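Please read the following alongside the sequence and the model. The text goes through helix packing, then strand pairing, then confidence.

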Amino acid sequence: MDYPPGIAVPPRSFYRGVDRLEPGGTVPFNPNAVNVIKAKALIDGTGAKPLENAVVVTRGSKIVAVERQGQVALPEGPHVQTLDFPDGYLLPGLIDSHTHLMFGVPGASYEEIIEGDSDEIMLLRAARNALTHLKSGVTTLRENGARNKVTFNLREGAQRGYVTAPRLLLCGRPVTISGGHFYWCNQEADGVEGVRAAVRELVRDGADHIKIMASGGGTAITDLRRPSYTVEELKAIVDEAHNMGKPTTAHCLATGSIVNALEAGVDMIEHAGFIEPDGSYKFHPEIAERIAKEGTYISPTVQTGYRGMEALLAKQGQGPLPPEDQQRLDWAKGKCESQLEFLGRLWKEWRIPIVSGTDAIASFGDYCIGLELMSQAGMSNMEVIKSSTNLNAKALGVGHLVGTVEPGRDADLIVVDEDPLRDIKALRKMAMVMRVGERIV
Ligand SMILES: [Zn+2]
């Protein structure tokens with residue numbers, strides 16, 4: 001195809017080049033725009049005491065100054081936008097370690113969506129879900145599995161400025177055994193050679209990390225009580241991913257899969273379900289100790305199933321549930337209770353680095369529910385904030401770009417009206433969301 005002279009059409013590699021420099025980076029909307037943001041207090045994501053009467057100055061996509069008001073000469077001029085929140089609390093943009101953007105149809109099963117929807121419909125829905133999540137304060141998200149190239153196309157669209165999205169860190173398709181959890185994303189791979197080839201394909205397509213389905217899950221034909229990959233296969237995936245400079249994360253519901261993932265040196269464990277072969281939940285202190293020793297990040301995704309449980313509880317309030325719903329409710333309650341108990345123990349007894357992720361599948365934009373559950377499980381609100389910003393950024397390999405409010409970091413910022421250190425629910429409602437210097441809310 002010929003383009004008219006004078007019009008520079010960037011080759012695809014231009015966009016991929018941006019990825020390599022800054023994973024999931026977005027073209028800044030205006031490199032000269034300046035924001036002066038004033039707030040009652042700044043909670044900067046490092047765990048430090050809040051800075052009272054704070055002012056943050058951004059230029060283009062970056063934060064350039066963080067000070068107490070009155071301590072710094074503020075820029076002036078027509079390119080300067082002043083945003084004053086005299087009662088507001090300023091924080092770094094929130095980070096979600098686990099989403100599935102192509103879904104987002106409450107009440108529908110995986111199979112209904114997979115069979116009913118084209119990739120194009122999934123892409124449109126992913127764009128909507130990404131924006132919904134962004135408006136709820138999530139300025140960076142790690143996507144943990146979609147079909148074909150749905151999420152790669154979404155990121156390309158965001159980088160070209162066609163859609164507005166958080167920074168997107170992508171696995172593309174999860175690596176899974178033949179017939180394994182999420183096999184319909186189309187990256188089934190078996191054996192050492194097979195999984196190495198799969199990792200190479202994913203990196204070729206633009207993967208920032210490798211997501212491994214190390215046990216079965218909610219996919220109809222899989223068994224969530226049992227590991228899927230062998231240690232040998234997992235080691236090959238981790239080795240190949242690390243060779244290519246990419247971190248790994250493994251979906252582990254079965255206890256056996258957690259053990260396998262640790263043995264293989266996976267960087268992050270999702271869910272940490274501790275589900276026994278008989279389907280019961282059982283915490284294993286010796287595994288927790290091993291996780292602590294290895295320094296493996298845990299993304300417990302405590303809110304998975306929580307909204308479904310809420311809906312069933314509301315239904316129950318109106319009268320007795322049909323047996324099938326009652327069974328689902330009992331199962332969901334057991335799952336939520338044990339997840340919270342295990343999270344509390346991992347944190348309190350072993351100080352394991354916990355990061356916050358929604359595993360958003362049915363609904364988007366409710367990231368704060370997971371933070372409330374983490375706080376219920378025994379983490380302090382400051383620890384929850386750290387887990388959802390600074391620690392999460394480090395865990396996802398973008399700690400040098402986002403996760404704290406300090407000069408040089410991306411201007412990804414949020415403001416809320418109430419003090420989240422007093423009540424974490426303050427993060428339910430955003431007074432401002434800024435993504436690389438552009439105000440979204
Ligand atoms: Zn997931």
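Helix α5 covers residues 191-205 and helix α6 covers residues 231-243. Their axes come within 9 Å and cross at roughly 30°. An angle under 35 degrees counts as roughly parallel, and α5 is therefore roughly parallel to α6. The crossing of these two helices, α5 and α6, is right-handed.

Helix α6 also packs against α7. Here the angle is about 45°, and the axes of α6 and α7 are 8 Å apart. This makes α6 oblique to α7. The crossing in which α6 passes α7 is right-handed. On the α6 side the contact is made by Val-231, Leu-234, Lys-235 and Val-238, and on the α7 side by Asn-260, Ala-261, Glu-263 and Ala-264. Five of the residues in the contact of α6 with α7 are nonpolar, one is polar and two are charged.

Helix α7, residues 255-264, has a further contact, with helix α8, residues 285-294. The axes of α7 and α8 come within 11 Å and cross at roughly 25°. The two helices α7 and α8 are therefore roughly parallel to each other. What is the handedness of the crossing of α7 and α8? The crossing of α7 and α8 is left-handed. Ile-258, Val-259 and Leu-262 of α7 make this contact with Ile-287, Arg-290, Ile-291 and Glu-294 of α8. The contact of α7 with α8 holds five nonpolar residues, no polar ones and two charged ones.

The strands come next. Strands of a sheet pair through backbone hydrogen bonds, in either a parallel or an antiparallel sense. Strand β1, residues 34-42, takes part in pairings of both kinds. With strand β4, residues 80-92, β1 pairs in the parallel sense over eight bridges. Within this pairing, Lys-38 has Asp-84 in β4 as its bridge partner. With strand β2, residues 51-59, β1 runs antiparallel, and eight bridges join the two. There, the bridge partner of Ala-39 is Ala-54 in β2.

Another set of strands forms an open sheet. Three strands make it up, in the order β5-β6-β7, with parallel pairing. Its edge strands are β5 (94-99) and β7 (167-170), each of which pairs on one side only. On average, and with direction ignored, neighbouring strands of this sheet are turned by 15° against each other. Four bridges link β5 with strand β6, residues 138-143, in the parallel sense. Leu-94 stands opposite Val-138 in β6.

How far can the coordinates be followed? The protein chain has an average pLDDT of 92, and 94% of the residues score at least 70. Over residues 1-21, however, the pLDDT is below 50. This stretch, residues 1-21, has nine contacts in the model beyond near neighbours in sequence. Where pLDDT is low, predicted coordinates should not be read in detail.

Technical notes:
Residues are numbered from 1 along each chain as its sequence is written. This is a predicted model: local features need pLDDT of at least 70, side-chain atom pairs count only at pLDDT 80 or more; totals for chains, interfaces and linings use all residues. Axes are lines fitted to C-alpha atoms, for helices over the stretch in contact, and angles run from 0 to 180 degrees between N-to-C directions. Angles under 35 degrees count as roughly parallel, over 145 as roughly antiparallel, 65 to 115 as roughly perpendicular and the rest as oblique. A crossing is left-handed if the near helix is turned anticlockwise from the far one by less than a right angle, and right-handed if clockwise. Two residues are in contact if their C-beta atoms, placed from the backbone, lie within 7 Å. Ala, Val, Leu, Ile, Met, Phe, Trp, Tyr, Cys and Pro count as nonpolar, Asp, Glu, Lys and Arg as charged, and the others, Gly among them, as polar. Two strands pair if DSSP finds at least two bridges between them. pLDDT is the predictor's confidence in each residue, from 0 to 100.
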